[in-house]
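Please look over the structure shown here, with attention to its charged pairs, its overall build and the confidence of the prediction.

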Amino acid sequence: MKFKTMAAGLVAALALGASQVALASPEDGVAAWKAFIAQNGEGGGRSKFVDALGSAEALAIAKRWAALRGYDAPALLKSANLPPELKPGTVIDASNVDAAWLKPYIVGAFAERFKDAGWFGWKKAVIVPTASYYMPKGTLEQTEDAKAKGITFNATPDGNLLTPDGKFALSTQGAMPFLNPKDGLEATWSFVAHGIANDNLNFHPITMDVCNSSSNLERQYKAELWWQKMHGRKDVAPFGDINGMDGVVEGGAVY
């Protein structure tokens with residue numbers, strides 16, 4: 001039931017975007033982040049994120065994605081009738097997670113985590129500004145090309161996503177299938193198609209702390225994660241398809 005609630009929220013958000021044309025300037029999102037940092041501090045390297053978000057290349061890609069979709073998240077939020085408490089800088093914790101102004105906007109399973117004093121409890125979360133943040137340039141170009149050619153994808157009732165010629169979409173190409181999903185099935189496939197979001201993904205090291213039932217550090221693992229897309233690669237070589245990976249969407253390893 002909790003997952004259904006989350007899926008319903010995703011569909012509602014996407015449906016809202018598809019039903020109204022609303023575009024915001026990506027520069028406004030960067031400015032909002034800079035103002036947030038000035039008031040709330042670095043918080044572990046926020047300025048590096050904003051510098052990347054505000055680069056000329058990132059802003060240009062954000063504008064193309066917004067034009068392609070016909071809407072973006074910052075503008076949708078700006079036009080929404082939200083309670084005044086839901087603003088950047090607001091801290092959510094056990095003291096306010098059940099507040100009436102928050103209940104319609106937080107998934108029940110998430111709210112319970114703030115009240116859980118045991119193993120998986122959350123201490124707090126800070127609301128941050130909404131900014132334009134999109135898939136990479138290669139995915140954008142493939143999606144633009146698919147739209148220009150009138151290519152339509154088919155989400156079948158038996159749980160497959162197919163190209164017009166009947167091939168499995170995610171294991172043959174790299175375009176986003178549904179820019180404006182019309183139902184939950186298409187919304188789910190759009191979410192799945194985001195995948196790892198990049199041709200390659202590498203974390204080195206990943207540090208994992210393991211605690212005992214008293215919340216004391218018991219041991220620590222360090223690992224490297226490598227992951228990659230097998231098809232529709234346009235940002236990082238090898239481009240196109242990875243040899244021998246027919247039918248495989250993505251894969252990798254953790255050492």
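Lys115 is partly exposed, with a relative accessible area of 36%, where partly exposed is the range between buried (under 20% relative accessible area) and exposed (over 50%), calculated with a 1.4 Å probe and protein chains only. The side chain of Lys115 meets that of Asp98 in a salt bridge at 3.2 Å, N to O, a salt bridge being a side-chain nitrogen of Lys or Arg within 4 Å of a carboxyl oxygen of Asp or Glu. This is a predicted model, in which local features need pLDDT of at least 70 and side-chain atom pairs count only at pLDDT 80 or more, while totals for chains, interfaces and linings use all residues. Residues are numbered from 1 along each chain as its sequence is written, and side-chain values use heavy atoms, with hydrogens and water left out.

- A network of salt bridges links Asp98, Lys103, Glu112 and Lys115.

**Salt bridges elsewhere**

- Across the whole structure, a search finds 10 salt bridges, and one of them joins Lys63 to Glu27, with the closest N and O atoms 3.0 Å apart.
- Because Lys63 lies in helix α4 (residues 56–69) and Glu27 in helix α2 (residues 26–40), this pair ties together parts that are 36 residues apart in sequence.
- Both partners are partly exposed, Lys63 with a relative accessible area of 42% and Glu27 at 33% relative accessibility.

**Phe168**

- Phe168 lies in the loop between β4 (161–162) and α8 (184–194), and at 49% relative accessibility Phe168 counts as partly exposed.
- Leaving aside neighbours within four places in sequence, Phe168 is in contact (heavy atoms within 4.5 Å) with Asn160, Leu161 and Leu162.
- From Phe168 to Pro238 the separation is 70 residues in sequence and 21 Å in space, C-alpha to C-alpha.

**Overall build**

- The secondary structure of the protein comes to eight helices and seven strands, and its C-alpha atoms fill a box of roughly 55 × 45 × 40 Å, taken along the principal axes.
- Of the 255 residues in the protein, 33% are buried.
- Among contacts in the protein with a separation of 6 or more, 59% are between residues 24 or more positions apart.
- The accessible surface of the protein, from the Shrake-Rupley method with a 1.4 Å probe, comes to about 15400 Å², and 59% of that belongs to carbon and sulfur atoms.

**Confidence of the prediction**

- The protein averages a pLDDT of 88, and 91% of the residues score at least 70; pLDDT is the predictor's confidence in each residue, from 0 to 100.
- Among the elements of the protein, β4 has the highest mean pLDDT (97), whereas helix α1 (residues 2–19) has the lowest (41).
- Over residues 1–19 the pLDDT is below 50, and this stretch has 18 contacts in the model beyond near neighbours in sequence.

Conventions
Helices (H or I, at least four residues) and strands (E, at least two) are DSSP runs, numbered from the N terminus.
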